[in-house]
Amino acid sequence: MSSKSDKRKRVLRKDRRGANPLMVGLLVLVLAGIVTYAGFAKHVPFTHGFRVKAVFVNSNNIRPNSPVRIAGVNIGKVKKIQAYKGGDGNLSVVTMEIDKAGLPIHKDATLKVRPRIFLEGNEFVDLSPGTPAAPTIADGDTIPSTQTAAPVQFDQVLTALQSDTREDLKQLLEGYGTALTYEPTAADDVGQDPDVQGKTGAQALNQSLEYAPGALKNASIVNAALLGLQQHDLSGLVFNTGKVTRALASNEDSLKDFVTNFNTTLGALADEQGNLKRSIGLLGPTLEHTDSALTALNASFPNTRAFAKEILPGVKETPATIDAAEPWIAQATKLVSPQELGGLVKELRPTTVDLARLVDGTLTALPQADLVSQCITHTILPTGDVKIEDGQFTSNEENYKEFWYAMVGLAGESQNFDGNGHYVRFAVGGGAETISTGKYGGASGEKLYGRVNDLPLGTRPAFPGKRQPYNHTAKCKDQKVPDLNAAKTGGADGGGQAIPTPATPAVTTPSVTTPAGTVPSTTTPTLSASSSSKQSLTAQLVDRLNPFRKGSGK
């Protein structure tokens, strides 16, 4: 060890020769700075990307590093601006460096200098890369001034104005300045908001900046919405706005009237500013209730979506249901064809018309039939149930039964065995006593005479000597049931007590008189009929059954 150490030559630090540590440190710092710059700048030093030049008539407010945009997206920067050599002194050349995202650029590309938004300041270059059918430009090519455009500056606008217009603009600016610096009086502050009383217009505007964050936030939301959801939404809005503006400008008289009426409307709103203020104050609670309603509506959507999901299987089965129903539809089509139900309906159509007429007639006849039914129920049937007390001829049977017994007897008496038809035979034999009827067929009629063996015993009821009055307008159903046992019996010589008058006058047929007494014919119950008997079938039947109708007595 010692021998080897002796062989190795020892060199003092001050005598050593090598790289200076300070220089090495500086070199490391420089390399780190270059790497950091390249990392953040994303650009290799001493090199440049794709560059293109453009000639502008006016490049005011264009500065180096101003953005170059395609459809609002940054795709490059302005590198330098210099005067155009060989021009009239007003032209300038703008050199731009374009990223790969902005390539390719075609020879028919156009460039416009546009103002940036208020907070960005300055202006930017709006690049339209051209149509794919045109050739592409190379690095360093220049786009001529015929394909570029610059914004109109404010001084150019003022130069275009007439002298009177410039004077009006001057007065407008002076008035605006006065409005900003004018100190209001106590009379001017009447009716103003307490926050701005005693302050100038400029001070009030400065105070309004406190609300600027919230207002600008909402304005940014509106601006974002104005961009649209799809490409060219904003351009479509601008285009349609231009169409509306041109339409308004095409009729200046109507536009003047519109401005005048709009001024009148604003004046009316100003006169009602108190009510307008209260309305705006109530708008907040209204919006809160609207928000609650929309929240409830949004809460109902899950049920709607669930219903939509549940109904989807049924909707999917609809085509199969239609396919299954097509055979039935085909059979039903044949069933309703003119050869089947269609023809039957055609044949039944006249019958339908007759049935309709029958229904109309029935509606007229039913009230009359109801009256007849009530007459039978309330008057005729109770009368038929009365048992007539007739002395030795009393049968103790209801009188309707005696009526039918008489009918049966008449039917038996009318039996015939020859071809002359049925007739009733009365064996009125000769005798010593003569009987006669009254005049048959009215006052101008004749009497009928006959002979009997014995004189009649008497009459029941007794003949009153005249026909009882008949009221054809009284309703049968409203009459009292007649007292059939109140009739008096007349003597064989025609004497006896008169028949008491009932609630509704009774109707009797002409009686048959004899030298010794009176024999009545048949007593007929009264049936009422409407004077307009020709209007219904029931009324006509009642009129024909009335024995005392006009022309009867044959």
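Modeller: Happy to. Glu397, Glu398 and Lys401 are linked in a network of salt bridges, a salt bridge being a side-chain nitrogen of Lys or Arg within 4 Å of a carboxyl oxygen of Asp or Glu. Before going further, please keep in mind that this is a predicted model, in which local features need pLDDT of at least 70 and side-chain atom pairs count only at pLDDT 80 or more, while totals for chains, interfaces and linings use all residues. Residues are numbered from 1 along each chain as its sequence is written, and side-chain values use heavy atoms, with hydrogens and water left out.

Glu398, at 18%, counts as buried. The cut-offs behind these words are under 20% relative accessible area for buried, over 50% for exposed, and partly exposed in between, with a 1.4 Å probe and protein chains only.

The total number of salt bridges comes to five. Another of them joins the side chains of Glu97 and Arg51, at 3.1 Å from N to O. Glu97 sits in strand β4 (residues 92-98) and Arg51 in strand β1, so this pair ties together parts that are 46 residues apart in sequence. Helices (H or I, at least four residues) and strands (E, at least two) are DSSP runs, numbered from the N terminus. Glu97 is buried, with a relative accessible area of 12%, whereas Arg51 is partly exposed at 25%.

Eight strands make an open, mixed sheet in the order β7-β1-β4-β3-β2-β6-β5-β8, where two strands pair if DSSP finds at least two bridges between them. β7 (142-143) and β8 (148-149) are the edge strands, each with a single partner, so one side of each is left without a neighbour in the sheet. Strand β1 (residues 50-56) runs parallel to β7, and two bridges join them. Lys53 stands opposite Thr142 of β7.

Most residues other than glycine have a negative phi, and most peptide bonds are trans. Asn65, in the loop between β1 and β2 (67-70), has a positive phi of about 75 degrees although it is not a glycine, and Asn65 is exposed at 54% relative accessibility. Ala71 is also not a glycine but has a positive phi of about 55 degrees; Ala71 lies in the loop between β2 and β3 and is exposed at 72%. The peptide bond from Leu103 to Pro104 is cis, with omega near 0 degrees, and Pro104 is in the loop between β4 and β5.

A search of the whole structure finds one disulfide, that is, a pair of cysteine sulfur atoms within 2.5 Å. This disulfide joins Cys375 to Cys476, S to S 1.9 Å. Cys375 belongs to helix α10 (residues 341-384) and Cys476 to the loop between β10 (449-452) and β11 (512-513), so the pair ties together parts that are 101 residues apart in sequence. The torsion about their S-S bond is about 55 degrees, so the disulfide is right-handed, and both Cys375 and Cys476 are buried.
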